Amino acid sequence: MKYSRLTKEQFEELHQEFINFLATQSITADEWTNLKANKPELAETELDVFSDLIWEGVLNKAEYLEHISAQHMYLFHLGEEQMQAIVVNIKNDVDITTEEGYDWLRENLMDENVEFLQADKEYSDDKNLDKFKMIEQGAVITKGDLFKYFDKLIN
């Protein structure tokens with residue numbers, strides 16, 4: 001398995017897609033029930049293959065990632081050849097994950113306690129795996145509103 005298995009909730013949400021996936025494998029509902037009961041390792045493999053297919057599709061479409069912690073905001077634009085990063089560092093004890101802290105940041109963008117960094121990073125041989133690892137570390141896929149805002153602000 002390349003990525004990680006979808007959660008029970010994700011499988012439930014993608015129930016129809018999973019049925020279609022099984023159909024492409026020529027597995028009927030009765031055969032699936034039989035597979036789960038008599039060959040659980042094969043059923044597990046099917047779940048893993050489906051999970052990887054879903055992750056591949058999601059990662060191919062992802063254009064922006066964000067990872068926000070108490071003192072740091074990591075914003076990524078996932079380009080074709082490389083990813084662009086904007087990092088916002090807070091150099092005091094303001095926690096930007098709280099409403100008050102985020103409001104402070106919005107009102108004090110040019111404060112000496114706010115530092116902006118930019119970098120470009122090349123992908124490894126597997127850019128989707130690079131994206132997935134960032135998600136595993138806490139990044140979330142977004143529409144890129146924060147990245148675009150800060151990109152205009154500092155460039």
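The axes are lines fitted to C-alpha atoms, for helices over the stretch in contact, with angles running from 0 to 180 degrees between N-to-C directions. This is a predicted model, in which local features need pLDDT of at least 70 and side-chain atom pairs count only at pLDDT 80 or more, while totals for chains, interfaces and linings use all residues. Residues are numbered from 1 along each chain as its sequence is written, and side-chain values use heavy atoms, with hydrogens and water left out.

**Helix packing**

Select α4 (residues 40–61) and α6 (residues 127–136); helices are DSSP runs of H or I with at least four residues, strands runs of E with at least two, numbered from the N terminus. The axes of α4 and α6 are 10 Å apart at an angle of about 95°, and the two helices are therefore roughly perpendicular to each other. Contact (heavy atoms within 4.5 Å) is made by W55, E56, L59 and N60 of α4 with N128, K131, F132 and I135 of α6.

On the α3 side, W32, L35, K36, A37 and N38 make the contact; on the α4 side, P40, L42, A43, E46 and L47 do.

**Two buried residues**

Stay on α4 and pick F50. F50 is buried, at 3% relative accessible area; buried means under 20%, exposed over 50% and partly exposed in between, with a 1.4 Å probe and protein chains only. Leaving aside residues up to four places away in sequence, F50 touches L6, F11, L14, E17, F18 and F21. The C-alpha atoms of F50 and E17 are 9.2 Å apart, at a sequence separation of 33 residues.

Move to D130 in α6. D130 is buried yet has no salt bridge, and K133, the nearest side chain of opposite charge, is 5.4 Å away. A salt bridge here is a side-chain nitrogen of Lys or Arg within 4 Å of a carboxyl oxygen of Asp or Glu.

**Salt bridges**

The count comes to seven salt bridges. Select D126 and K2, which form one with closest N and O atoms 2.7 Å apart. D126 lies in the loop between β4 (114–122) and α6, and K2 in the segment before α1 (8–13), so the pair ties together parts 124 residues apart in sequence.

Finish with R5 and E44, paired at 2.7 Å, N to O.

Technical notes:
Lys and Arg count as positive and Asp and Glu as negative; His and the chain ends are not counted. Angles under 35 degrees count as roughly parallel, over 145 as roughly antiparallel, 65 to 115 as roughly perpendicular and the rest as oblique.
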